[in-house]
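Dear colleague,

Please find below the structure that I am handing over to you, followed by an account of what was found in it.

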Amino acid sequence: MSARSREGLERALRELGLHCVVEAWDALAVAVPELGARGFENPETRQRAIALARTHGFSHLAVELRGAESEPSARATLSGD
Amino acid sequence: MEGRSEQQLAQQCLEDELFGREARLADWLRAQGSVLLGFSGGVDSAYLACVAVETLGPTHVLAVIGRSASYPAAQWQSARDVAARFGVPVFEVDTDEVNDPRYAANPTNRCFFCKTELWSRLVPIARSRGLSAVIDGTNADDLEDYRPGARAAVEHGVLSPLALLGFRKSDIRALSRVRRIPTWEQPSAPCLSSRIPYGTPVTPARLRVIEAAEAALRALGVAGDLRVRYHGDLARVELTPLELERWLEPRGAAALRDAVRGAGFARVALDLRGFRSGSLNVLGGLVADAEPAPLGAGWTAAEPAA
């Protein structure tokens, strides 16, 4: 697997038309779409996104399901309970 | 044989092989005389319980459910239902591996401590009731996986007849279907601790949130393999490819998000590759060693208690 690059993946996803911020959690990349942004529901786009994640060093790619009420401050921490 | 297609002949051979294997299982059980079965109500132990009762009769079989916080409560009910339907005598004991610090630290051999706790409770029950053998539902496919829990079974003299006789998961599903055991198409259901990455402590509170989230998704109509993976305040949901299509659509995504958040997670993400068994093992750099699972040689009444 290539060296991990959060910024690289974020840029590549944007070039694919997926407007999101990428968070890196070890080998998991979490794509946080900008409000109203779509595209991950398209199977072809999804496959390309997964391939890009691998290229940028991530074994897993997940997309956060955001509601209109989501606030950036609520997404700042990684640890939970 | 005349007039039968090659496909029909192949199917007949397959069925003969399966039923032959089941007959060997019945012979093996007869040779034991009586058995105590570690019973989860999953595909393997449900099948084994049914064959054991049919072969030995209910007075020579005891299926023991080891209840633990690391399994969803719904599973115990499912186990009781299967047992009641097929006349399997059941006994229930509580296990407490979650309060064992060696287990709670969530090392890669976590399952060893869980199964050590389980078998250290079940083997004495077999002895006290005069049951000849302690058995479990480990199958031949399991032997190819990393299964540290299998070592605990060996250390306690537990036997795995399905694995010993070469039953694969697909064989067990096919034979369960013939017997109309409802578990035949049940998805695999490993313990809830498997949703927490190795090295992240297992706590009763975390297990409860995971259990509630998965139950909420089932109630919502999610079908097939499903895992809610724990990443602190974020739940990473793994679904089958078909389900993924359905729940990525805006309306489905909103419902799924609300269900998981209602269970206690602050954030919800859908894994874009979908369900993968052992998916957490490759995250965080902690990968379990590939060690083939051993098979036990059994115990006798003369052995000291474990």
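In chain A, 60% of the contacts with a separation of 6 or more are between residues 24 or more positions apart, a contact being a pair of residues whose C-beta atoms, placed from the backbone, lie within 7 Å. The model is a predicted one, in which local features need pLDDT of at least 70 and side-chain atom pairs count only at pLDDT 80 or more, while totals for chains, interfaces and linings use all residues. Residues are numbered from 1 along each chain as its sequence is written, and chains are lettered from A and ligands numbered from 1 in the order in which they are written.

**Chain A and the sheet that includes strands of both chains**

Chain A has two helices and three strands, where helices (H or I, at least four residues) and strands (E, at least two) are DSSP runs numbered from the N terminus. Along the sequence, these elements follow the pattern α-β-β-α-β. Of its 81 residues, 32% count as buried; a residue is buried if 20 or more other C-beta atoms lie within 10 Å of its own, exposed if 12 or fewer, and partly exposed in between, with C-beta atoms placed from the backbone.

S1(A) and S2(A) form a hairpin with two residues between them, and A:Asp26 in the turn has a positive phi of about 55°. The two strands run antiparallel and are joined by six bridges; A:Ala24 has A:Ala29 in S2(A) as its bridge partner. Strand S2 (residues 28-33) of chain A also runs parallel to strand S3 (residues 60-64) of chain A, with four bridges between them. In this pair, A:Val30 stands opposite A:Ala62 of S3(A).

These strands belong to an open sheet of six strands with mixed pairing, in the order S1(A)-S2(A)-S3(A)-S7(B)-S6(B)-S5(B); two strands are taken to pair if DSSP finds at least two bridges between them. The edges are strand S1 (20-25) of chain A and strand S5 (226-231) of chain B, each with a single partner strand, so one side of each has no neighbour in the sheet. On average, neighbouring strands here are turned by 30° against each other, direction ignored. For such values, axes are lines fitted to C-alpha atoms, for helices over the stretch in contact, and angles run from 0 to 180 degrees between N-to-C directions.

**Chain B: overall organisation**

Chain B has 11 helices and seven strands. Buried residues make up 44% of its 306 residues, and residues 24 or more positions apart account for 76% of its contacts with a separation of 6 or more. The chain is divided into domain 1 (6-185) and domain 2 (192-276), with bounds that come from an automatic or database domain assignment. The centres of the two domains, taken over C-alpha atoms, are separated by 28 Å. Between them, 13 residues of domain 1 of chain B are in contact with 14 residues of domain 2 of chain B. The domain 1 side of this contact has nine nonpolar, three polar and one charged residues; Ala, Val, Leu, Ile, Met, Phe, Trp, Tyr, Cys and Pro count as nonpolar, Asp, Glu, Lys and Arg as charged, and the others, Gly among them, as polar.

**The parallel sheet of chain B**

Four strands of chain B form an open sheet in the order S3-S2-S1-S4, with parallel pairing. Strand S3 (90-94) and strand S4 (133-135) of chain B stand at the edges, each with a single partner strand, so one side of each is left without a neighbour in the sheet. From one strand to the next, the twist averages 25°. Strand S1 (residues 35-38) of chain B pairs with S4(B) over three bridges in the parallel sense, and B:Val35 has B:Ala133 as its bridge partner in S4(B). Helix H2 (residues 43-56) of chain B lies across S1, S2 and S4 of chain B and runs at about 165° to S1(B).

B:Ile65 is located in strand S2 (residues 61-67) of chain B. This residue is buried, with 24 other C-beta atoms within 10 Å. Not counting residues up to four places away in sequence, B:Ile65 touches B:Phe39, B:Trp76, B:Ala79, B:Val90 and B:Glu92.

**A helix pair in chain B**

Helix H9 (residues 204-220) and helix H11 (residues 250-263) of chain B pack at an angle of about 150°, with their axes 8 Å apart. By class, their contact has 11 nonpolar, one polar and no charged residues.

With kind regards

How values were computed: Contact = placed C-beta atoms within 7 Å.
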